[in-house]
Amino acid sequence: MSGTPRDAVLGALRRATGRDANMAEAAAAVRTRLAAHARNTIPARGLRETQGLLELFTEQARGVDASVAIVDDFGAVPGAVADYLRGENLPTRLRMAPDPRLDACPWDDAPTLEITRGKGEAEDVVALTGAFAGVAETGTLMLISGPDSPTTLNFLPDAHIVVLNAADLVGCYEDGWDRLRATGRMPRSVNFITGPSRSADIEQTLQLGAHGPRWLHIVVVAGGAATKDPGDG
Amino acid sequence: MSVEVPTSHRFPDNARAALADATLQRGLASAKLGFRVRRSEAAARLPEFETLRDEARDIKNHVLAHLDLYLEAFEQRVTERGGHVHWAGDAAAARDIVLAICRAAGARTVTKGKSMISEEIGLNAFLEQNGVEPVETDLGEYIIQLRGEAPSHIIAPAFHVPKAEVAETFQKHHKSLDPARPLEQPRQLLEEARAMLRDRFFAADVGITGANFLIAETGATVIVTNEGNGDLTQTLPRVHIVLASLEKVVPTLEDTSTILRLLARSATGQEFTSYTTFSTGPRRGEDLDGPQEFHVVLLDNGRSDLIGTELQEVLRCIRCGACMNHCPVFGVIGGHAYGWVYPGPIGAVLSPSLIGIEEAHHLPSASTFCGRCESVCPMRIPLPGLMRHLREREYGRGIPPAAQRWGLRAWAFLAKRPRLYRLATALPVRLLGLVGRRRGAFRRLPLAGGWTAERDLPAPQGPTFQALWNRAGGRRERPR
């Protein structure tokens, strides 16, 4: 009866669920569920609105081997980046995402840094990107791909430095999704990043820096104004 | 090399060989406790954990009851974002689809993220036969690919390989490197694999990953990883292929988030893995990187037959590995003994459905029904109950040998006749008690060689339970 593999699979599923008899009802149930974005139980720790978000995010991120520095405003970002690289004895050459928020930082204040912009390349040791949001419940960064945020920067370098505006901190993943929906676009990639790359594939011994970055450093801009939504134009 | 030809029918021999493998035994002993402790600590840190398990079960039950509709919705979203969905009825169809995409891309090498579906369809051997070189990039998968072995655990594929043997394997295959280099430490092995694979990531024409979830609401496919290899695999090449089975679909981003809160905690005891990546279609016009083509291969391979049956619940599985980490049988024989892609309790239920009860009939019996797997399954799959169902099915098909069938039949005859049962057990019990009470146990006993070969049989120390119960007038005796 069915020509294509698609028809065969869907046909088998419909027979098994007696779909012929309940199609209208079932289709309505599915449509409603897909449109409603109903939340299931959110852990209490992810329910805080603003109070305590930064503390929880910082604690959770440090718990998974990320390092966190907190600065007052975007003006302090170049200094914080330079300090971090010096402290970890990392090179001062870095590849920066072409993100207007990063471009607006006073990079002349950190003359030791040698900055190029673009996507990630094989030779990159340090990359610097912004973040779309930070999820406090697990210290997770939410990065979205786009011309100002190439995905390769998140995975190719040895050290990934992420600048996160504290105004973009949310309690739970669901808050992050609502923010993304509000932009009206779905990017090719949404990357939830929780600590640096790791592997325990050799004798269950945990090692950082498997294929992705060995160092994840988060610079939180605590007093920065809320990030302007690119969709707001 | 993948497990194309199952050896599940040789399970008893496989298990005996595993028990005699000293290296494997050392690895199993050291690993299992770590997994269990970390999972239980992670669950304890989240007071809502048990509630989330109920909700996750309900989400998947709803999906399975509407699987046709959610798959259609998912397909429509993927297509709208410029991706392609391919439907594969069986393993051969899925392999052909992947090869056709590779050929169209002119691919010579493909990099691969970890995918159980790839193992299930035996993709690597097939690509090699057809002139396309597959390169596994997950550290564990890379190690076992070099060794020509199959994964022995669904989330720790090289679980069975001690580091000295990893070093040996690297010495043998990484010929361009100085043979005198130090390779004793896991760190050195990791760094070497990272360096060797870097170029492969850039050279690959196609990247193949699995999917932990397919999201009907957005058309996204999701990978949950720690190393970052999956992301390099799917971002650098021109073409990204996602391999997924039908039941991976979930309705919304909210539903995905709920199940994600269970996945890592149940698997490795992490709050969240390092990388959870949602991929929707190919790169957008203005993007600076990402694949230009995005393909999703949806594999059935026997799963649609399970919908509407007693076994449907197994399709809630999210492949966390908690059941095997807590299984006393897996804990002493490891994954290879199960003879096919999915080991442990989940394999004991899934394998008979995917490769046939005739091939896999031993597996549902490889359980003590201790119930630990069900107690830790984040999706509340009643694994022992499903194994019991498969045992019944096996018996119904006449698969067990005659002696076993007659034994079961005789036992059933007695068990259904309480008076006869009491009589038939009281006599031997009294006799054994008379002969053995002083010694306490039998080291050898006629007709019980299967038992006494491995351990002593305790001698009955008095009347049977039933006799005691009757003597007490059908009430509990007061403790003496």
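Modeller: Contact here means heavy atoms within 4.5 Å. The model is a predicted one, and by that rule Arg19(A), Met23(A), Ala26(A), Ala27(A), Val30(A), Arg33(A) and Leu34(A) of helix H2(A) meet Leu67(B), Asp68(B), Leu69(B), Tyr70(B) and Ala73(B) of helix H4(B).

Colleague: How many of the residues in the contact of H2(A) with H4(B) are nonpolar, polar or charged?

Modeller: Nine are nonpolar, none is polar and three are charged. Asp and Arg count as charged, and the contact includes Arg19(A), Arg33(A) and Asp68(B).

Colleague: At what angle do H2(A) and H4(B) pack, and how far apart are their axes?

Modeller: Helix H2, residues 19-36 of chain A, packs against helix H4, residues 67-80 of chain B, at about 50°, and the axes are 9 Å apart.

Colleague: Why is H2(A) called oblique to H4(B)?

Modeller: Under 35 degrees would count as roughly parallel, 65 to 115 as roughly perpendicular and over 145 as roughly antiparallel, with the rest oblique. The angle is about 50°, so H2(A) is oblique to H4(B). The crossing of these two helices is right-handed.

Colleague: What makes H7(A) and H12(B) roughly antiparallel?

Modeller: Helix H7, residues 173-183 of chain A, and H12(B) pack at about 155°, with 10 Å between their axes. The cut-off is over 145 degrees, and the pair is therefore roughly antiparallel. H7(A) also passes H12(B) in a right-handed crossing.

Colleague: Which residues meet where H7(A) packs on H12(B)?

Modeller: From H7(A) come Tyr173(A), Glu174(A), Trp177(A), Asp178(A) and Arg181(A), and from H12(B) come Leu253(B), Glu254(B), Ser257(B), Thr258(B) and Arg261(B). They divide into three nonpolar, two polar and five charged.

Colleague: In what order do the strands of the eight-stranded open sheet run?

Modeller: The order is E8(A)-E5(A)-E6(A)-E9(A)-E9(B)-E6(B)-E5(B)-E8(B), with mixed pairing.

Colleague: Why do E8 of chain A and E8 of chain B count as edges?

Modeller: Two strands pair if there are at least two bridges between them. Strand E8 (169-170) of chain A and strand E8 (249-250) of chain B each have a single partner strand, so one side of each has no neighbour in the sheet.

Colleague: How do you know that E5(B) and E8(B) pair?

Modeller: Two bridges join E5(B), residues 213-215, to E8(B), and the strands run parallel. At least two are needed, so E5(B) and E8(B) qualify as a pair. Ile215(B) stands opposite Val250(B) of E8(B). Helix H12, residues 253-267 of chain B, packs on this sheet, touching E5, E6, E8 and E9 of chain B, and its direction makes about 165° with that of E5(B).

Colleague: What makes E1 and E3 of chain B the edge strands of the six-stranded sheet?

Modeller: That open sheet has the order E1-E10-E7-E4-E2-E3 in chain B, and its pairing is parallel. Strand E1 (84-88) and strand E3 (133-136) each pair on one side only. The twist averages 25° from one strand to the next.

Colleague: How many bridges hold E7 to E10 in chain B?

Modeller: Seven, in the parallel sense, between E7 (residues 239-245) and E10 (residues 293-299). The bridge partner of Val239(B) is Glu293(B) in E10(B).

Colleague: Where do the domains of each chain lie?

Modeller: Chain A has domain 1 (5-36) and domain 2 (48-232), with 42 Å between their C-alpha centres. Chain B has domain 1 (8-304) and domain 2 (417-471), with 51 Å between theirs.

Terms used: Residues are numbered from 1 along each chain as its sequence is written. Chains are lettered from A and ligands numbered from 1 in the order in which they are written. This is a predicted model: local features need pLDDT of at least 70, side-chain atom pairs count only at pLDDT 80 or more; totals for chains, interfaces and linings use all residues. Side-chain values use heavy atoms; hydrogens and water are left out. Axes are lines fitted to C-alpha atoms, for helices over the stretch in contact, and angles run from 0 to 180 degrees between N-to-C directions. Helices (H or I, at least four residues) and strands (E, at least two) are DSSP runs, numbered from the N terminus. A crossing is left-handed if the near helix is turned anticlockwise from the far one by less than a right angle, and right-handed if clockwise. Domain bounds come from an automatic or database domain assignment.
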